[in-house]
Amino acid sequence: MLLERGHRRALTRELPMHALWSYGAHGKFGEHERSGPPVVPVKNGNACRESCRFLKWMHTEGVLMQPENVEVEVSSNDHSQNFSIKWNGSWPTATVFIVSTRKQTKGKQLDKDVSHDWEELIQTSHTSVEVQPVPLLWHQYKVLAVTQYGSSSFSIPSKLIFAKPLRPQPPRNFHVVSMYIIKDLVQVEVSWKKPLNTIALPIHRYRLQWSLRPDIHLDEFISLQVRDKRLKGTIHKFTISNLQPNRTYVLELQAICRYENRRLRSKQVTVRIQTPTVAEVMETKKVKKTEIKRNKINNFLKKVTSRLPDRPITVTSMPGN
């Protein structure tokens, strides 16, 4: 028969240690108190006081309380999403809480029969914790309270929460590979690398834009007409044609993902370029042609020299000289 709370408090103040221990092991007093093992003196007074304190708490308060009302709050911005997990209850000091999670992997629609096993996510001494979920998955959480003397049972699992996808990261290493002139117009070849895949969605398109900008060294006014090109997500190189020589252009690149009926756009990365003049290109071509001729002459001389015999060549004078 369970003791009333007031009776248990009185007993814990009046009974010796071996009696409390006997009660904790067998659930009643009497024969176990008299026939139990002899009491061994404890040298460490702190350990004894801590044991007495715990036994008193066990008899007055009961076992560790199960965490209750596990709730999940969602907060997000353009590039991050956080889940704030909170629970209620009353526990002694130095209690550690273990938060476990499991994930649903079958698309947007919830399927309770398809999920991973529970796994430990994080440990904390607070009654709330903030975590970053994996996008495009359903998440569920439960909490366990633990002390040095034992643990509670797991809480009732929280509701399943879906982590939505976020905007993709911007393209990486966007740069100009080469610039050259064809029929007095500049061609610019650009290249880039795909973004870091942090949202579990493939890149659907890239949007490349270029616009002519006013040059502070020129007196004429230049209109800011923006042109763009939509490229497949598997393309990472493109040649922009028909640019004017000796002008300033701004190139902008953006990654785009698709989720249901929405387009998720990354931030734009920008490159500012100055196109070459026709005279510079012609001079460069002349230098290259001269270098090519020199290389051909040097290669010809090397071939001729390699065919000559190793022995010294003597030249004799012709009769009559």
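## How confident is the model?

What is the mean pLDDT of the protein chain, and what percentage of its residues reach 70 or more? The structure you see is a predicted model. Its protein chain has a mean pLDDT of 75, with 61% of residues at 70 or more.

Strand 10 has the highest mean in the chain, at 94, whereas helix 2 (residues 17-26) has the lowest, at 39. Take some care with residues 1-36, where pLDDT stays under 50. For that stretch the model has 35 contacts beyond four places in sequence.

Now look for an open, antiparallel sheet of three strands, in the order 9-10-13. Strand 9 (172-182) and strand 13 (237-243) are the edges; each has a single partner strand, so one side of each lacks a neighbour in the sheet. From one strand to the next, the twist averages 20 degrees.

Eight bridges join strand 9 to strand 10 (residues 185-193) in the antiparallel sense.

## Two nonpolar cores

The largest nonpolar core has 20 residues, and those touching the most other members are Phe174, Val190, Trp192, Leu208, Leu243, Leu251 and Leu253. At least two residues of this core come from each of strands 9, 10, 11 (205-213), 13, 14 (248-259) and 16 (269-274).

Leaving aside residues up to four places away in sequence, its contacts include Phe174, Val190, Phe238, Ile240 and Leu253, along with Arg227 and Asp228.

A second, separate core has 16 residues, among them Ile85, Trp91, Val143 and Ile161.

Terms used. Residues numbered from 1 in each chain as written. Predicted model: local features only at pLDDT ≥ 70, side-chain atom pairs only at ≥ 80, totals over all residues. Heavy atoms only, no water. Pairing = 2+ DSSP bridges. Helix = DSSP H or I, 4+ residues; strand = E, 2+ residues; numbered from the N terminus. Axes fitted to C-alpha atoms, helices over the stretch in contact; angles between N-to-C directions. Core = buried A, V, L, I, M, F, W, Y, C linked by side-chain atoms within 4.5 Å. Buried < 20%, exposed > 50% of the residue type's maximum accessible area, 1.4 Å probe, protein only. Contact = heavy atoms within 4.5 Å. pLDDT = per-residue confidence, 0-100.
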